[in-house]
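Reader: I am new to this structure. Please take one part, the contacts that side chains make, and go through it closely.

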Amino acid sequence: MTNQPAAGELLRQPYAPPPPQHHHYLAGSSSSSTASLKGCCCCLFLLLIFLSLLAVAVALVIILAVRPRKPEFDLQRVGVEYLLVAPEQSASAGETASAPAAYLSLNITLLFTAENPNKVGIKYEAADLYVLYHGVPLGIAAVPGFEQPAHSTRLVESRVSVSRFNVLQADALELVRDATVNDRVELRITGDVGAKIRVLGFTSPRVQVSVDCVIVISPRKQSLTYKQCGVDGLSV
């Protein structure tokens, strides 16, 4: 016969708690949140790509509809107030002769024509155009920035004032000869003017309009005798 413990022995045995049960609901919740976050990032990335492609498509449609053309910026008229050439005084006896020099004083008004052939407006940036004699900068014609509506022409004025600019050596001799003998002083006006086309709040990339003109001034008449911009020349 098998010996079974008595009832008193069962009561005296210590109580053993049941083994702990591991719950996996926290790990499942964390992995679900990570997957949801990745899904949101993918959706946001795809949305950004879609919006970028939509903006490019709208810009292309606008460009094809507007067909923007390069604006024109040209020198229309030159007003001469004065052009004076004064050779340097020759050295007196006993003084060492220095390099030849001449002083040029100039005051002219430049009138430019800005033409916008487009269906939309244009915004011009402020620019500096250089007045040169034989490649030597004499002064700067400051052109202010402005906005121009579609299919319009606008006049822009700038003034160049030079006071006793010292022209040295070979250029000085030629300048004196041009002014006193040939009665013609040739100047070059050159530079770039930046412009942007504006359509429905969008601004196009910057385009450059080049200005390159040659003008001839008569010191005796104190007036313009020749102007050439680009290919065509005009004698006045």
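Author: Glu81 has a relative accessible area of 44%, so it is partly exposed; with a 1.4 Å probe and protein chains only, buried means under 20% relative accessible area, exposed over 50%, and partly exposed in between. The model is predicted, so local features need pLDDT of at least 70 and side-chain atom pairs count only at pLDDT 80 or more, while totals for chains, interfaces and linings use all residues. Residues are numbered from 1 along each chain as its sequence is written, and side-chain values use heavy atoms, with hydrogens and water left out.

The whole structure holds four of them, a salt bridge being a side-chain nitrogen of Lys or Arg within 4 Å of a carboxyl oxygen of Asp or Glu. Glu81 is bridged to Arg159, with 2.6 Å between the closest N and O atoms. This pair links distant parts of the chain, 78 residues apart: Arg159 is in strand β7 (residues 152-168) and Glu81 in strand β1. Strands here are DSSP runs of E with at least two residues, numbered from the N terminus; helices are runs of H or I with at least four. Arg159 is partly exposed, with a relative accessible area of 44%.

Another salt bridge joins the side chains of Arg206 and Glu125, at 2.8 Å from N to O. Arg206 lies in the loop between β9 (202-203) and β10, and Glu125 in the loop between β3 and β4 (127-133), so this pair ties together parts that are 81 residues apart in sequence. Arg206 is partly exposed because its relative accessibility is 41%, and Glu125 is partly exposed at 29%.

Asp212 and Arg188 also form a salt bridge, and their closest N and O atoms are 2.9 Å apart. This pair again links distant parts of the chain, with Asp212 in strand β10 and Arg188 in strand β8, 24 residues apart. Asp212 has 37% relative accessibility and counts as partly exposed; Arg188 is partly exposed, with a relative accessible area of 37%.

Rings of Phe, Tyr and Trp (its six-membered ring) pair if their centres lie within 6.5 Å; planes under 30 degrees apart count as stacked, over 60 as edge-to-face and the rest as tilted. By this rule there are three aromatic pairs. Phe73 and Phe112 are stacked, because their ring centres are 5.3 Å apart and their planes meet at 25°. Phe73 is in strand β1 (residues 72-87) and Phe112 in strand β2 (residues 101-116), 39 residues apart, so the pair links distant parts of the chain. Phe112 has 0% relative accessibility and is therefore buried; Phe73, at 4%, is buried.

Phe73 also pairs with Tyr124 in a tilted arrangement, 6.0 Å centre to centre and 45° between the planes. Phe73 lies in β1 and Tyr124 in strand β3 (residues 121-124), so the pair ties together parts that are 51 residues apart in sequence. Tyr124 is buried, as is Phe73. Phe73, Phe112, Tyr124 and Phe146 make up one aromatic cluster.

Tyr124 leads on to strand β3. In a regular strand the side chains alternate between the two faces of the sheet. Two strands pair if DSSP finds at least two bridges between them. Four bridges join β3 to strand β8 (residues 185-199), and the two run antiparallel; Gly121 stands opposite Arg198 in β8. Strand β6 (residues 146-148) pairs with β3 over three bridges, also in the antiparallel sense. Tyr124 has Phe146 as its bridge partner in β6.

The structure has one disulfide, that is, a pair of cysteine sulfur atoms within 2.5 Å. The disulfide joins Cys213 to Cys229, with 2.0 Å from S to S, and with 115° about the S-S bond the link is right-handed. Cys213 in strand β10 (residues 207-218) and Cys229 in strand β11 (residues 223-229) are 16 residues apart, and the pair links distant parts of the chain. Cys213 and Cys229 are both buried. Cys41 is in no disulfide, and the nearest cysteine sulfur, that of Cys42, is 7.0 Å away. Cys41 is partly exposed, with a relative accessible area of 48%, and Cys43 is exposed at 54%.
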